[in-house]
Amino acid sequence: KKSMLSRYLTTGPEVKKFENNFSDYTGSKFALACNSGTAALHMAFYGIGLKKNDNIILPSINFIAAANMCNQIGAKIYFADVDPLTGQMTPETLINCIRNYKIKKIKAFCVMHNGGSPNNFRKFYNLKKRYKCFLVEDCCHSLGGKYSISKKENVGKCKYSDVSTFSFHPVKSITTGEGGMLVTNNKKIYLKSKLLRNHGM
């Protein structure tokens, strides 16, 4: 109501306050609000420097937004199988995808926490280091999820990834009508994504 009655229907101080609160909650250094989870993914891929003909691996089960954004950039998309019980890509299916397609250089891979649980995050982090690539987390299902309950590590902390994205579509954990959020601990990714968010202004 406060936003609807203020001078700012978009952006403005309430959005900045929301970003700060979101960053505090997830434990990330930076948070950047946008108009959808799709836009957050687009900013994430742009922010890591994904470009034409770069190789990226996505899970075979996910909303089509991630693949569409990579396709728009012109990246070469490979799909890894998912676990039949969780619907999530696993470290094993990721490795199999790399081997089966003989992918020599990986720019990034994107995990999607289908159903909300961030499975295998430490193993994925080790693979990110092994292949010297970026790890993007599609956290649109997992706001409120935790990597570790004992350590109070919330999904979106970006301890194990370079950048994470969230959606505030009405079917998600919380909604802003529409909306999305990018979080990262990497200032370069944050600033680059911030430029993209509003046409370089």
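**Figure 1. Close-up of the salt bridge between Lys159 and Glu153.** In this predicted model, the side chains of Lys159 and Glu153 come together in a salt bridge, with a distance of 2.7 Å from N to O. The two partners can be told apart by their accessibility: Glu153 is buried, its relative accessible area being 2%, whereas Lys159, at 40% relative accessibility, is counted as partly exposed. This pair belongs to a structure that holds five salt bridges.

**Figure 2. Close-up of the salt bridge between Glu19 and Arg197.** The side chains of Glu19 and Arg197 meet at 2.9 Å, N to O, in a salt bridge. Because Glu19 lies in helix 2 (residues 13–26) and Arg197 lies in helix 7, this pair ties together parts that stand 178 residues apart in sequence. Glu19 is buried, with a relative accessible area of 4%, while Arg197, with a relative accessible area of 30%, is partly exposed. Through salt bridges that share partners, Lys16, Glu19 and Arg197 are joined into one network.

**Figure 3. Close-up of the salt bridge between Asp162 and Lys128.** Here the side chains of Asp162 and Lys128 form a salt bridge with an N to O distance of 3.1 Å. The pair links distant parts of the chain, since Asp162 sits in the loop between strand 7 (153–154) and strand 8 (163–167), Lys128 sits in helix 6 (residues 121–131), and the two are 34 residues apart. Both Asp162 and Lys128 are buried.

**Figure 4. Close-up of the largest nonpolar core.** The largest nonpolar core has 26 residues, and Phe45 and Ile56 are those with the most contacts inside it. At least two residues of this core are supplied by each of strand 1 (30–34), helix 3 (37–47), strand 2 (55–59), helix 4 (65–73), strand 4 (108–112) and helix 7 (187–197). Helix 3 gives the largest share of the core, namely six residues. As a general background to this view, nonpolar side chains in soluble globular proteins tend to be buried together.

Figure 5. When residues up to four places away in sequence are not counted, Ile56 touches Phe45, Leu50, Cys70, Ala75, Lys76, Ile77, Tyr78, Ala108 and Phe109.

Methods
Residues numbered from 1 in each chain as written. Predicted model: local features only at pLDDT ≥ 70, side-chain atom pairs only at ≥ 80, totals over all residues. Heavy atoms only, no water. Core = buried A, V, L, I, M, F, W, Y, C linked by side-chain atoms within 4.5 Å. Buried < 20%, exposed > 50% of the residue type's maximum accessible area, 1.4 Å probe, protein only. Helix = DSSP H or I, 4+ residues; strand = E, 2+ residues; numbered from the N terminus. Contact = heavy atoms within 4.5 Å. Salt bridge = Lys/Arg side-chain N within 4 Å of Asp/Glu carboxyl O.
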